[in-house]
Amino acid sequence: MNSLGAMRATSENDAFQIYLAAKKTVDDRALNRLVWERLKQMLADEHADQAASVLEIGTGIGTMIERIMEWELLPAAKITALDSSYTNIAQANRRLRSWANDHGFEIGQETNDRLIFTKTGAHFNIQLNTVDFFAFQSDQIGPLWDLVVAHAFLDLVDLSSAIGHIFSLLKPGGLFYFTLNFDGLSIFEPAIDPLFDSLVLDLYHESMDQRIVKGSPSGDSKTGRHLFETLHSYGGEIAEVGASDWVIYPQKGKYVHAEAYFLHFTITTIEKQLSHSSALDQDIFATWIAKRRAQIEQHELVYIAHQLDFVGRTPA
Ligand SMILES: C[S@@+](CC[C@H](N)C(=O)[O-])C[C@H]1O[C@@H](n2cnc3c(N)ncnc32)[C@H](O)[C@@H]1O
């Protein structure tokens, strides 16, 4: 493991934040560039004269906001970022200030939760909020948004309610950018026992479908493919779709950046989800988990997760 991967997380929350930080380079490789470029062009065509208002839901520790600035999606924006976890928002605040400093921005801060980053040709005004997205109403912060971004988020919630709510927050003809929507296929190589491997992954996907949050079903292991129908049912117009599969593999015999940590976190998530499953022989499962961990330590494990990115607009 590299230094970040070797860090000991002191709590589940710390572990999740280290995972989100490790995920950044995995996501950088995965994001579909055709979909990204289409969004960039739409923003350039429609918001050349004034800063676009952007709402990011489920922002985590803010890595997508860093990416929006780093990859120059647009030169100026008023970004509102939401997450239901206070500690994630607090970490996003720290990370973004440090990121802006490292990237030559002047940092202004109107309040604790509002960051202003400026450099020649670029201006970003970022408001961070701890709030549950489903409880969030547009009049809490301002008028309707030009663009809503949901990155690695929609597969965790009830898709239809989420799209309905997002569309109510967007201006007529407003843009959506929904990325890394899991689409029902996970692959681990090398195989341990192909039948048992498939059983574990089927049960893991089923556990995503059975997730309950606050008493309601939340999550869908086939969110990617289901987005076509759900967007259509709300009158959404898809401009571009493309695959954004995670592919984590040893490069020249080693995992890059903190990607070993990302793999360990994924294996631990599967272990936690299925450690009480009566559909698995738990002794064989414990051995399976231990072998997967050993494959990571030996820089052998390849992990692929199939996902889809979407860009489009709401009805005008
Ligand atoms: C898988 S993480 C992705 C975070 C970030 N988009 C990224 O890719 O690094 C999902 C995030 O959504 C947040 N979240 C889950 N349900 C939420 C809700 N109902 N409202 C707001 N945030 C939520 C979680 O706290 C978590 O930070």
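Q: In which helix of this predicted model is the place of Asn-101?
A: Asn-101 sits in helix 5, which covers residues 86–102.

Q: Why is Asn-101 called exposed?
A: Count the other C-beta atoms within 10 Å of its own. Asn-101 has 12. The cut-off for exposed is 12 or fewer. Asn-101 therefore counts as exposed.

Q: How far apart are the C-alpha atoms of Asn-101 and Thr-80?
A: They are separated by 20 Å. Along the chain, the two residues are 21 residues apart.

Q: What makes Leu-96 buried?
A: Leu-96 also has its place in helix 5. It has 26 other C-beta atoms within 10 Å. A residue needs 20 or more to be buried.

Q: Why is Leu-159 called buried?
A: Leu-159 is found in helix 6, residues 159–169. It has 22 other C-beta atoms within 10 Å. The cut-off is 20 or more. Leu-159 is therefore buried.

Q: What is Leu-159 in contact with, leaving aside neighbours within four places in sequence?
A: Its contacts are Leu-154, Asp-220, Thr-223, His-226 and Thr-230. Take His-226: it is 67 residues from Leu-159 in sequence, and the C-alpha to C-alpha distance is 8.4 Å.

Q: Which residues make the contact of helix 7 and helix 9?
A: Helix 7 gives Val-200, Leu-203, Tyr-204 and Ser-207. Helix 9 gives Ile-270, Gln-273 and Leu-274. By class, this contact has 5 nonpolar, 2 polar and no charged residues.

Q: What makes helix 9 and helix 10 roughly antiparallel?
A: Their axes cross at roughly 175° and come within 10 Å. Helix 10 is residues 282–297. Angles over 145 degrees count as roughly antiparallel. The crossing angle passes that cut-off, so the two helices are roughly antiparallel.

Q: Which residues make the contact of helix 9 and helix 10?
A: From helix 9 come Ala-260, Leu-263, His-264, Ile-267, Glu-271 and Leu-274. From helix 10 come Phe-285, Ile-289, Arg-292, Arg-293 and Ile-296. They divide into 7 nonpolar, 1 polar and 3 charged.

Q: What surrounds the ligand?
A: A shell of 21 residues does. The closest are Gly-58, Gly-60, Ser-84, Phe-133 and Ala-152. Helix 2 (12–30), helix 4 (63–70) and strand 2 (76–83) each supply at least two residues of this shell. By class, the shell has 10 nonpolar, 8 polar and 3 charged residues.

Q: Why does the radius of gyration of the protein agree with that of a compact globule?
A: With 316 residues, a compact globule would have a value near 20 Å. The protein has 20 Å, so the two agree. Its C-alpha trace spans about 60 × 45 × 35 Å along the principal axes.

Q: What does the secondary structure of the protein come to?
A: It comes to 10 helices and 12 strands. Buried residues make up 39% of the 316 residues.

Definitions and conventions
Residues are numbered from 1 along each chain as its sequence is written. This is a predicted model: local features need pLDDT of at least 70, side-chain atom pairs count only at pLDDT 80 or more; totals for chains, interfaces and linings use all residues. Two residues are in contact if their C-beta atoms, placed from the backbone, lie within 7 Å. Helices (H or I, at least four residues) and strands (E, at least two) are DSSP runs, numbered from the N terminus. Ala, Val, Leu, Ile, Met, Phe, Trp, Tyr, Cys and Pro count as nonpolar, Asp, Glu, Lys and Arg as charged, and the others, Gly among them, as polar. A residue is near a molecule or strand if its C-beta atom, placed from the backbone, lies within 6 Å of it. Axes are lines fitted to C-alpha atoms, for helices over the stretch in contact, and angles run from 0 to 180 degrees between N-to-C directions. Angles under 35 degrees count as roughly parallel, over 145 as roughly antiparallel, 65 to 115 as roughly perpendicular and the rest as oblique. The radius of gyration is taken over C-alpha atoms; the globule rule is 2.2 Å times the number of residues to the power 0.38.
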